[in-house]
Amino acid sequence: MNAFSGSMMVELEEQVSQLESWTDGRGLIVQGAAGTFCSGSDLNAVRAISNPQDGMKMCMFMQNALTRLLRLPLISVALVEGRALGGGAELTTACDFRLMAPGSVIQFVHRHMGLVPGWGGAARLVHIVGSQNSLKLLGGALKVDPDFGLQISLADGVLGGAEVEEGAATPLQQAENWLSHYTKGPAPVIQAVKKVVLSGRELPLTEALRIEKGVFGTVWGAPANLTALASKSKHK
């Protein structure tokens, strides 16, 4: 069921650490195994740390890991097949985009467990779908299918739909084709795009402008810029 065990949480953090040093990266697809994205936390693991102290340690660890995932200088997409429940739903919000397969469901089931999201999922959800929709999704533990996901902008596309090119043999290939529209070009440029958008999303305007100026300085006169000027490729 792809449930988050303690070891899987550690493995996720380790993968994020590796991706932070991927200097040539442009895009990232997060996909679950065996046709299921993630069914949330492993209940046996949860029972083992059911005291408040251990729960807070787990909360802080996963908040850190998922915040770093979202802040990677890569354009990321969650490929949601099957179910993304609880912590799995929170994981989808730590990606820039979400593509849903037909029949898939995203559901913040925390209310059923007497909880609220603790891995940053609620804060990120508000940025994605707004406060009103977030209240509905969290307070009602609503099941979000692909159509509902598109309606509230939690989903950015549906595999096999108009938003995702058909003809690819597998869900992963469809996601790769979709993501390629936003990751074409030199890695430094794509990473710069992610950095300026991230600063605009997270920081006050004055600080975001300062960051944008600094990032602009890294690409102005850089090889990709000079090559584009030489080939007059502005309008291609």
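This is a conversation about how to read a few features of the structure above.

Trainee: What should I know before I start?

Mentor: This is a predicted model, where local features need pLDDT of at least 70, side-chain atom pairs count only at pLDDT 80 or more, and totals for chains, interfaces and linings use all residues. Residues are numbered from 1 along each chain as its sequence is written, and side-chain values use heavy atoms, with hydrogens and water left out.

Trainee: Let's begin with the sheet. In what order do the four strands stand?

Mentor: Here is the general idea: strands of a sheet pair through backbone hydrogen bonds, either parallel or antiparallel. Helices (H or I, at least four residues) and strands (E, at least two) are DSSP runs, numbered from the N terminus. Two strands count as paired if DSSP finds at least two bridges between them. In this structure the open sheet runs β1-β2-β4-β7, with parallel pairing. Strands β1 and β7 (157-158) are at the edges with a single partner strand each, so one side of each has no neighbour in the sheet.

Trainee: How many bridges join β2 to β1, and how many join β2 to β4?

Mentor: Five bridges link β1 and β2, and four link β2 and β4 (residues 97-100).

Trainee: Now the inside. Which residues touch the most other members of the largest nonpolar core?

Mentor: In soluble globular proteins, nonpolar side chains tend to be buried together. A nonpolar core is a set of buried Ala, Val, Leu, Ile, Met, Phe, Trp, Tyr and Cys residues joined through side-chain atoms within 4.5 Å. The largest one here has 33 residues, and those touching the most other members are Phe4, Phe37, Met62, Leu66, Leu69, Ile106 and Leu154. Two or more residues each come from α1 (6-20), β1 (27-31), α3 (52-70), β2 (75-80), α4 (87-93) and α5 (121-129). There is also a second, separate core of ten residues, including Val77, Leu99, Trp178 and Ile190.

Trainee: What does Phe37 touch?

Mentor: Contact means heavy atoms within 4.5 Å. Leaving aside residues up to four places away in sequence, the contacts of Phe37 include Val30, Ala78, Leu79, Val80, Ala84 and Leu91.

Trainee: And on the outside, which residues form a nonpolar patch on the surface?

Mentor: Patches are made of residues with over 30% relative accessible area and no salt bridge; like charges are joined within 9 Å and nonpolar side chains (Val, Leu, Ile, Met, Phe, Trp, Tyr) within 5 Å. Accessible areas come from the Shrake-Rupley method with a 1.4 Å probe, and for residues only the protein chains shown count as cover. Here Val189, Val193 and Val197 make up such a patch, with about 210 Å² of accessible area together. Val197 sits in helix α9 (residues 187-202) and is partly exposed at 49% relative accessible area.

Trainee: How many salt bridges does the whole structure have?

Mentor: A salt bridge is a side-chain nitrogen of Lys or Arg within 4 Å of a carboxyl oxygen of Asp or Glu. The search finds seven. One of them joins Glu13 and Arg68 at 2.9 Å, N to O. Glu13 is in helix α1 and Arg68 in helix α3, so this pair ties together parts 55 residues apart in sequence. Arg68 also forms a salt bridge with Glu20, and Glu13, Glu20 and Arg68 are linked in a network.

Trainee: Are these three buried or partly exposed?

Mentor: Glu13 is buried at 18% relative accessibility, Arg68 is buried at 19%, and Glu20 is partly exposed at 40%.

Trainee: Last one: what is the phi of Ala34?

Mentor: Most residues other than glycine have a negative phi, and most peptide bonds are trans. Ala34 has a positive phi, near 55°. Ala34 lies in the loop between β1 and α2 (43-48) and is exposed at 82% relative accessibility.

Terms used:
Buried < 20%, exposed > 50% of the residue type's maximum accessible area, 1.4 Å probe, protein only.
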